[in-house]
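Subject: Handing over a structure

Hello,

Here is the structure I promised to pass on to you. Please open it first, and then read my notes alongside it.

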Amino acid sequence: MMKLLLLGDVVGRPGRHALSQILPSFRRNHGIDFCIANAENAAGGRGITRGVCKELRAAGVDVITLGDHAWDQDEAQDLVTTEADVLRPGNGQRSLPGRGWNVYRGPGGTAIAVVNVIGRVFMPPLYGCPFEYMDEVLHELSEADVRVIVVDIHAEATSEKIAMGYHLNGRVSAVFGTHTHVQTADEKVLSNGTAYITDLGMCGPMDSVLGREVDAVLRKFLSGLPTRMPVAKEDVRVQGAIVELNERTGRAETIRRVQERDLTGSW
Ligand SMILES: [Fe+2]
Ligand SMILES: [Fe+2]
């Protein structure tokens, strides 16, 4: 049995600090074999940098996925080209730097494919069909002997994410949603052995609007004017899910939501 830890969007310094405090002991206590985190908001709420990558690796993240904020920091284009453990959404322009999927080695050398796709409903109109893209990726993977396949669908609409779960049911080990920053209570193992959750939530400040300071977001909604929206600071939590699966078949056995509070508060 292999145990995967999947973590929702890491938001800014509070999210990174919480991971550094919580993840090492959490991995040990729960016997986590492999950890995937969406880090599209990890650098000051927008995108990712080399320094942030280093911090997340040191905390115990094995693979980083991204989303619509992938390119917010200038260095990201270079970073996704050189760092094999950082994925950007695969269903964009073919000329984009980096990769949308890759195969990694878990404990005992088990091959683990991770795929990052982005939805098209209520999202920037920059992406190709995520369903077709997944079919192409799975076709390529069918030629390699990879049983464990995990998919991050970074999307706004619950319907699109749930549809992706069913589209991939029995073809991948797990499908998890990211992007909304709000953890959903619909985790389940689908009929053919695919673990599914619509959104993992976030690793960041809960006393906020999706990780941003409440007053700033309210000002924006109430005035209708653009506002700077700093990352909030209070009630920082790490949210995600643990998936147990059979590494020989790739079938998921269980999925369980997790939430840990950062009580150190010293970041
Ligand atoms: Fe996000
Ligand atoms: Fe996003």
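How many of the six residues of strand 1 (residues 2–7) are buried? Five of them are, and strand 1 is thus mostly covered. Before I go on, a word on where this comes from. This is a predicted model, in which local features need pLDDT of at least 70, side-chain atom pairs count only at pLDDT 80 or more, and totals for chains, interfaces and linings use all residues. Residues are numbered from 1 along each chain as its sequence is written, while chains are lettered from A and ligands numbered from 1 in the order in which they are written.

A few terms will come up again. Helices (H or I, at least four residues) and strands (E, at least two) are DSSP runs, numbered from the N terminus. A residue is buried if 20 or more other C-beta atoms lie within 10 Å of its own, exposed if 12 or fewer, and partly exposed in between, with C-beta atoms placed from the backbone.

The chain as a whole

The chain has six helices and 13 strands. Its C-alpha trace spans about 55 × 40 × 35 Å along the principal axes. For 267 residues, a compact globule would have a radius of gyration near 18 Å, and the chain agrees with its 17 Å (this is taken over C-alpha atoms, and the globule rule is 2.2 Å times the number of residues to the power 0.38). Buried residues make up 48% of the 267 residues. Of the contacts between residues at least 6 apart in sequence, 65% join residues at least 24 apart; a contact here is a pair of C-beta atoms, placed from the backbone, within 7 Å.

Strand 1 and its partners

Two strands count as paired if DSSP finds at least two bridges between them. Strand 1 pairs with strand 12 (residues 236–245) in the antiparallel sense over six bridges, and L6 stands opposite A241 there. With strand 3 (residues 34–38), strand 1 pairs in the parallel sense over four bridges, where L5 stands opposite C35.

Strand 12 also runs antiparallel to strand 13 (residues 252–261), joined by nine bridges, and one bridge pair is R237 with R261. Strands 12 and 13 form a hairpin with six residues between them, and G250 in the turn has a positive phi of about 85°.

Six strands form an open sheet with mixed pairing, in the order 5-6-7-8-10-9. Strand 5 and strand 9 are the edge strands, each pairing on one side only. Inside the sheet, strand 6 and strand 7 run parallel and are joined by seven bridges, with V117 opposite I153 in strand 7.

Helix 4

Which of its residues are buried? They are P130, Y133, M134 and V137. These cover an arc of only 100° around the axis, so they lie on the same side of helix 4; the arc is that of the directions from the helix axis to the C-beta atoms. On the other side, E132, H139 and S142 are exposed. The buried residues pack against strand 5 (101–105), strand 6 (111–118), strand 7 (148–154) and helix 5 (158–167).

The largest nonpolar core has 73 residues, and L4, L56, V150, V151, A174 and V243 touch the most other members. Such a core is a set of buried Ala, Val, Leu, Ile, Met, Phe, Trp, Tyr and Cys residues joined through C-beta atoms within 7 Å. Leaving aside residues up to four places away in sequence, L56 touches V10, R16, L19, A37, A39, A42, V61 and I64.

V63 is in strand 4 (residues 63–65) and counts as buried because it has 22 C-beta neighbours inside 10 Å. With the residues up to four places away in sequence again left out, V63 touches I36, D85, L87, Y104 and V114.

Two positive phi values

H181, which is not a glycine, has a positive phi of about 70°. H181 sits in the loop between strand 8 (174–178) and strand 9 (188–189) and is buried, with 23 other C-beta atoms within 10 Å. D235, also not a glycine, has a positive phi near 55°. D235 lies in the loop between helix 6 (214–223) and strand 12 and is partly exposed, with 14 other C-beta atoms within 10 Å.

Best wishes

Terms used:
Two residues are in contact if their C-beta atoms, placed from the backbone, lie within 7 Å.
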